[in-house]
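Open the model in your viewer and keep the selection tool at hand. Each stop names what to select and what is there.

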Amino acid sequence: MSGEYSVGQVAAVAKVTVRTLHHYDGIGLLSPSGRTPAGYRRYRDEDLDRLQQILFYRELGFSLEEIAAILDDASAGPTEHLRRQHALLQDRITRLQELAAAVEHAMEASTMGIQLTPEEKFEVFGRDYQESWEGEAEQRWGDTDAWKESQRRTARYTKEDWARLQLEQSALNERMAAAMNAGVEPGSADGMALAEEHRLQITGAFYDCGHEMHRCLGEMYVADPRFTATYDQVAPGLARWLRDAIVANADAHAGS
């Protein structure tokens with residue numbers, strides 16, 4: 001589009017309502033650059049640029065008053081606005097990754113039958129922990145022998161036990177990330193050794209995790225975005241690398 005546009009055309013392109021544009025005009029946030037002799041609004045390219053900025057900040061949760069102050073800041077040019085938006089997006093990405101990690105921890109907590117107080121759960125698994133996530137894993141695995149075994153074994157775990165297991169898991173994740181970044185192939189002897197250590201860590205702490213069950217877990221790490229995000233937060237691509245190492249290790253032990 002170029003030239004001048006009616007309020008209806010702008011609404012269609014920006015995917016907002018005409019009523020929204022009228023409101024923005026009424027509060028002085030986005031007033032059209034011109035009007036027809038009959039008084040109809042006519043928007044120009046610079047108006048659409050401002051609308052794009054408004055919608056960006058709205059998506060990030062800014063109030064209309066805050067957006068007006070940002071856009072009317074005479075000291076901030078287009079480049080400064082881009083820098084600010086980039087920083088805001090990076091903050092949002094980091095926050096979403098933290099939330100994904102919290103979901104991962106909560107799912108593990110429910111799968112393992114954690115016996116902690118609500119306060120201890122927040123302390124061990126992070127401030128974004130929500131007890132409501134525990135029901136998801138129980139609904140998914142509650143009838144399995146692995147779930148029942150995990151419930152029996154973890155019922156006696158203390159807060160210190162869970163903190164130690166978290167540290168052990170984090171240390172293994174870091175070593176797997178280092179191997180991946182060093183170019184270790186997941187199907188190599190070193191890659192499979194790390195996958196086997198991952199399997200034995202589960203077996204030692206929670207339930208008997210055979211190679212085929214481990215293979216299913218590996219597939220879940222790439223199929224469920226929450227698991228993927230947790231591993232990829234350690235190192236981009238780690239979830240898929242671990243899945244491939246688990247599959248290779250399971251294949252190597254098939255029939256044994």
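How many bridges join S2 to strand S3 (residues 41–44)? Two, and the strands run antiparallel. Bear in mind throughout that this model is predicted.

**Stop 1: the sheet**

Stay on S3 and select Arg-41. Arg-41 is the bridge partner of Arg-35.

**Stop 2: a loop residue**

Select Lys-15. Find this lysine in the loop between helix H1 (7–14) and helix H2 (18–26). Check the backbone: phi of Lys-15 is near 60 degrees, a positive value in a residue other than glycine. Is Lys-15 buried or exposed? Lys-15 counts as exposed, at 73% relative accessibility.

**Stop 3: aromatic rings**

Searching the whole structure gives three aromatic pairs. Select Phe-56 and Tyr-57 for one of them. Their ring centres are 5.4 Å apart and their planes stand at 80 degrees, so this pair is edge-to-face. Tyr-57 counts as buried, with 0% relative accessibility. Next, pick Tyr-221 and Tyr-231. These two form a tilted pair, 4.9 Å centre to centre with 50 degrees between the planes. The pair links distant parts of the chain: Tyr-221 is in helix H11 (residues 211–223) and Tyr-231 is in helix H12, ten residues apart. Both Tyr-221 and Tyr-231 are buried. Together, Phe-56, Tyr-57 and Phe-62 make up one aromatic cluster.

**Stop 4: helix H12**

Select residues 225–234, which make up helix H12. Which residues are buried here? They are Phe-227, Thr-228, Thr-230 and Tyr-231. These residues cover an arc of only 160 degrees around the axis, which puts them on the same side of H12.

**Stop 5: two cysteines**

A disulfide is a covalent bond between the sulfur atoms of two cysteines. The count in this model comes to zero disulfides. Select Cys-209, which is in no disulfide; its nearest cysteine sulfur, that of Cys-216, is 9.1 Å away. That separation is too far for a bond. Cys-209 is buried, with a relative accessible area of 0%. Cys-216 counts as exposed, at 54% relative accessibility.

Key. Residues numbered from 1 in each chain as written. Predicted model: local features only at pLDDT ≥ 70, side-chain atom pairs only at ≥ 80, totals over all residues. Heavy atoms only, no water. Buried < 20%, exposed > 50% of the residue type's maximum accessible area, 1.4 Å probe, protein only. Helix = DSSP H or I, 4+ residues; strand = E, 2+ residues; numbered from the N terminus. Arc of directions from axis to C-beta. Pairing = 2+ DSSP bridges. Disulfide = S-S within 2.5 Å. Phe/Tyr/Trp six-rings, centres within 6.5 Å; stacked < 30°, edge-to-face > 60°.
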